[in-house]
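Please look at the sequence and the model together before reading on. The briefing below goes through the sheet, the helices and a few single residues in turn.

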Amino acid sequence: MVSPDRAPQMMASGIAADLGGRRVLDGIDLALEAGGLTALVGPNGAGKSTLLAILAGLLAPTAGRILIDGQSFQALGDRARARRIGYLEQQPACHWPLSVVALARLGRLPHRGRFGSTDPAADEAAVTAALASTALTGFRDRRVDHLSGGERMRAHLARVLAGAPQVVLADEPLAGLDPAHQLDVLGLLRDLAAAGRIVVVVMHDLALAARFADRVVLLAEGRVLTDGAPAQALDDAAIGRAYGVDVRRVVIDGCNVPLPWTRRPG
Ligand SMILES: Nc1ncnc2c1ncn2[C@@H]1O[C@H](COP(=O)(O)OP(=O)(O)OP(=O)(O)O)[C@@H](O)[C@H]1O
């Protein structure tokens, strides 16, 4: 796995977002460091996707600012931002009958010069590596719109990885994946983080968050409720308050895994 030239840093401070006349995020402060996988969890409607889109520079916050390596998105410019930040949207769609390899090649667009590719061999090597790491080498020439939901998700992840971004922001990349591919994708994202990238993954499965994440940010009603190592951020009180459920716990290989067990009354 190729490491970025130097470890990126992202700082979000005082982030607020109003959508549809309602405040859906408020007072979000996050310092994101390379080297560990961050799981962004929280109930439906908590604001996870909104926050991820803001971190990606695709949605302007109502208040607050984001700095990447000390630079604002405006100072960085769209192309440099797209090279640095790979964003996998929730339920990604592909509206053209593209092949898997053609979709993955789109991930190289931010690296192109004004007159096309500046290094076609490097582009193809990055695309080939991205297809291999998402277990899609054998699917290269298949049409994306003919893939299963899980295969399609991996194809979009390959597009993101082909861009070799320093920051990977993935919104529910496990949706529709079978257990084996969930483990593969989380293992891959964790390796990317360990190789010196910032990796933030929106996910709903608290057991997988506890198992794979180095840090968990729990959002509830547009605010950060807890932020820390999985065992602290996902303690019984926090899970109860955020989701209204009680958990049971099992410890497996030293990992304390919360299992949502009963819904709290009311
Ligand atoms: N374009 C929009 N206009 C109005 N309200 C919006 C818009 N986008 C999101 N919202 C609202 O903002 C809140 C946060 O939405 P968001 O998609 O960020 O939540 P989420 O935590 O990702 O939820 P989920 O787990 O269901 O995907 C929700 O109440 C949602 O209805």
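**Strands, helices and their surroundings**

Strand 5 and strand 6 pair in the parallel sense over four bridges, where two strands count as paired if DSSP finds at least two bridges between them. The model is a predicted one, in which local features need pLDDT of at least 70 and side-chain atom pairs count only at pLDDT 80 or more, while totals for chains, interfaces and linings use all residues. Residues are numbered from 1 along each chain as its sequence is written, and side-chain values use heavy atoms, with hydrogens and water left out. Helices (H or I, at least four residues) and strands (E, at least two) are DSSP runs, numbered from the N terminus.

- Six strands form an open sheet in the order 5-6-7-3-8-9, and their pairing is mixed.
- The edges of this sheet are strand 5 (85–88) and strand 9 (223–228), each of which pairs on one side only.
- From one strand to the next the twist averages 15°.
- Strands of a sheet pair through backbone hydrogen bonds, either parallel or antiparallel.

- Helix 6 (residues 149–162) has 14 residues, which at 1.5 Å a residue should span 20 Å, and its end C-alpha atoms are 20 Å apart, which agrees; the expected span is 1.5 Å times one less than the number of residues.
- Twelve of the 14 residues of helix 6 are buried, so this helix is largely enclosed by the rest of the structure.
- The buried residues of helix 6 include Gly150, Glu151, Met153 and Arg154.
- The cover over the buried residues of helix 6 includes strand 5, helix 4 (100–106), helix 5 (120–133), strand 6 (167–171) and helix 7 (179–194).
- Just after helix 6, Ala164 takes a positive phi of about 45°.
- Arg159, which is found in helix 6, counts as buried at 17% relative accessibility.
- Leaving aside its neighbours within four places in sequence, Arg159 is in contact (heavy atoms within 4.5 Å) with Tyr87, Leu88, Glu89, Leu103, Ala104, Leu106 and Gly107.

**Helix 5 against helix 6**

- Two packed helices are described by the angle between their axes and the distance between the axes.
- Helix 5 and helix 6 pack at an angle of about 140°, with their axes 8 Å apart; axes are lines fitted to C-alpha atoms, for helices over the stretch in contact, and angles run from 0 to 180 degrees between N-to-C directions.
- Helix 5 and helix 6 are therefore oblique to each other, since angles under 35 degrees count as roughly parallel, over 145 as roughly antiparallel, 65 to 115 as roughly perpendicular and the rest as oblique.
- On the helix 5 side the contact is made by Ala126, Val127, Ala130, Leu131 and Ser133, and on the helix 6 side by Ala158, Leu161 and Ala162.

**Single residues elsewhere**

- Leu40 has its place in strand 3 and is buried, with a relative accessible area of 2%.
- Not counting residues up to four places away in sequence, Leu40 touches several residues, among them Lys48, Leu51, Val202 and Val217.
- Although Leu40 and Val202 are 162 residues apart in sequence, they are 4.6 Å apart in space, C-alpha to C-alpha.
- Gln182, found in helix 7, is buried with a relative accessible area of 19%, and, leaving aside its neighbours within four places in sequence, Gln182 is in contact with Leu174, Leu177 and Leu208.
- Ala231, found in helix 9 (residues 230–233), counts as partly exposed at 46% relative accessibility.

Key: Buried < 20%, exposed > 50% of the residue type's maximum accessible area, 1.4 Å probe, protein only.
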